Amino acid sequence: RAPNEQMADFNFRFQQTWDRIPITVRPTAEGAFLYFLKAMNSDIAMMIQSMGGTMLPGAYDIAIRA
């Protein structure tokens, strides 16, 4: 995530990138969630997990609230 990028913009860009991966080689939804967490700093990643995020749509909402 870019230093001054808004979370909603990052979520949108992440989802667009994810959607461009061909389905035949796209990782699982759980894999997408892990890639999303890796893009965050460790504090935000831990917060997303502690607030119940396990899949992308929920993680997007939690990241914006966090």
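Q: Which residues does glutamate 5 touch, not counting residues up to four places away in sequence?
A: In this predicted model, glutamate 5 has its place in the segment before H1. Once residues up to four places away in sequence are set aside, the residues that glutamate 5 touches are Phe10 and Arg13.

Q: What is the length of the polar contact that joins the side chains of glutamate 5 and arginine 13?
A: Arginine 13 is one of the residues that glutamate 5 touches beyond its sequence neighbours. Between the side chains of glutamate 5 and arginine 13 there is a polar contact, and its length is 2.9 Å.

Q: Does glutamate 5 count as buried or exposed?
A: The relative accessibility of glutamate 5 is 16%, and the cut-off for a buried residue is under 20% relative accessible area. Because its value falls under that cut-off, glutamate 5 counts as buried.

Q: Which element gives the largest share of the largest nonpolar core?
A: The largest nonpolar core has 16 residues, and those with the most contacts inside it include Phe14, Phe36 and Leu56. Two or more residues are given to this core by each of H1, H2, H3 and H4. The largest share, five residues, comes from H4.

Q: What covers the buried residues of H4?
A: Helix H4 runs over residues 56-65, and its buried residues are Leu56, Ala59, Tyr60, Ile62 and Ala63. Leu56 and Tyr60 are among the contacts of phenylalanine 14 when neighbours within four places in sequence are left aside. The cover over the buried residues of H4 includes H1, helix H2 (29-38) and helix H3 (42-50).

Q: How many nonpolar, polar and charged residues are in the contact of H2 with H3?
A: The axes of H2 and H3 come within 8 Å and cross at roughly 140°, which makes H2 oblique to H3. Phe33, Phe36 and Leu37 of H2 make the contact with Ala45, Ile48 and Gln49 of H3. By class, this contact has five nonpolar, one polar and no charged residues.

How values were computed
Residues numbered from 1 in each chain as written. Predicted model: local features only at pLDDT ≥ 70, side-chain atom pairs only at ≥ 80, totals over all residues. Heavy atoms only, no water. Buried < 20%, exposed > 50% of the residue type's maximum accessible area, 1.4 Å probe, protein only. Helix = DSSP H or I, 4+ residues; strand = E, 2+ residues; numbered from the N terminus. Contact = heavy atoms within 4.5 Å. Core = buried A, V, L, I, M, F, W, Y, C linked by side-chain atoms within 4.5 Å. Axes fitted to C-alpha atoms, helices over the stretch in contact; angles between N-to-C directions. Parallel < 35°, antiparallel > 145°, perpendicular 65-115°, else oblique. Nonpolar A, V, L, I, M, F, W, Y, C, P; charged D, E, K, R; others polar. Polar contact = N/O pair within 3.5 Å; in protein donor to acceptor, adjacent residues only side chain to side chain.
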